[in-house]
Amino acid sequence: MSQLHRQFLGQTGPTDVLTFQHGEIFISVETAKRYARVFGNSLMRELQLYIVHGLLHLHGFDDRTQADARKMQTAQEKILRYCSGAL
């Protein structure tokens, strides 16, 4: 994941999720495990968050500015709430 992060975004170190324009979503399970512990989430919840995050990127959402990140986070939480209620 670190190699992909450096190769395609020019940033060092691992990241949680990378999304590419052709629909590919790469998820770091190791990062998901670590953040699940940090934030008190289950691994499944953390992975669901990454999948939704990647899908939102594919639908034109961005999180490079604080304002855009807030919009994206609001959309993520709305989708995750809906999905957990639907199960």
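Thr12 is exposed, at 68% relative accessible area; exposed means over 50%, buried under 20%, and partly exposed in between (1.4 Å probe, protein chains only). Thr12 lies in the loop between α1 (2–9) and β1 (17–19). Its C-alpha atom is 6.6 Å from that of Ser2, 10 residues away along the chain.

The model is predicted: local features need pLDDT of at least 70, side-chain atom pairs count only at pLDDT 80 or more, and totals for chains, interfaces and linings use all residues. Residues are numbered from 1 along each chain as its sequence is written, and side-chain values use heavy atoms, with hydrogens and water left out.

**Overall build**

The chain has four helices and two strands. Both kinds of element are DSSP runs numbered from the N terminus: helices are H or I with at least four residues, strands E with at least two. The order from the N terminus is α-β-β-α-α-α. The radius of gyration is 13 Å, close to the 12 Å of the globule rule for 87 residues, so the chain is as compact as a globular protein of that length. That radius is taken over C-alpha atoms, and the rule is 2.2 Å times the number of residues to the power 0.38. Along its principal axes the C-alpha trace spans about 40 × 30 × 25 Å. Of the 87 residues, 22% count as buried.

The accessible surface comes to about 6300 Å², with 54% belonging to carbon and sulfur atoms. Areas come from the Shrake-Rupley method with a 1.4 Å probe; for residues, only the protein chains shown count as cover.

| Residue | Relative accessible area | State |
|---|---|---|
| Thr12 | 68% | exposed |
| Val38 | 56% | exposed |
| Thr31 | 3% | buried |

**Helix α2**

Val38 sits in helix α2 (residues 29–39). With Tyr35 and Phe39, Val38 forms a nonpolar surface patch of about 310 Å² accessible area together. Patch residues have over 30% relative accessible area and no salt bridge; like charges are joined within 9 Å, nonpolar side chains (Val, Leu, Ile, Met, Phe, Trp, Tyr) within 5 Å. A salt bridge puts a side-chain nitrogen of Lys or Arg within 4 Å of a carboxyl oxygen of Asp or Glu.

Thr31 is also in α2. Neighbours within four places in sequence aside, Thr31 contacts Pro14, Thr15, Asp16 and Tyr50. Contact means heavy atoms within 4.5 Å.

**Helix α3**

Tyr50 is among the buried residues of α3, as are Glu46 and Leu56. Helix α3 (residues 43–58) has 16 residues and reaches 23 Å from first C-alpha to last, close to the expected 22 Å. Gly60 follows α3, with a positive phi near 95°.

Note on methods: The expected span of a helix is 1.5 Å times one less than its number of residues.
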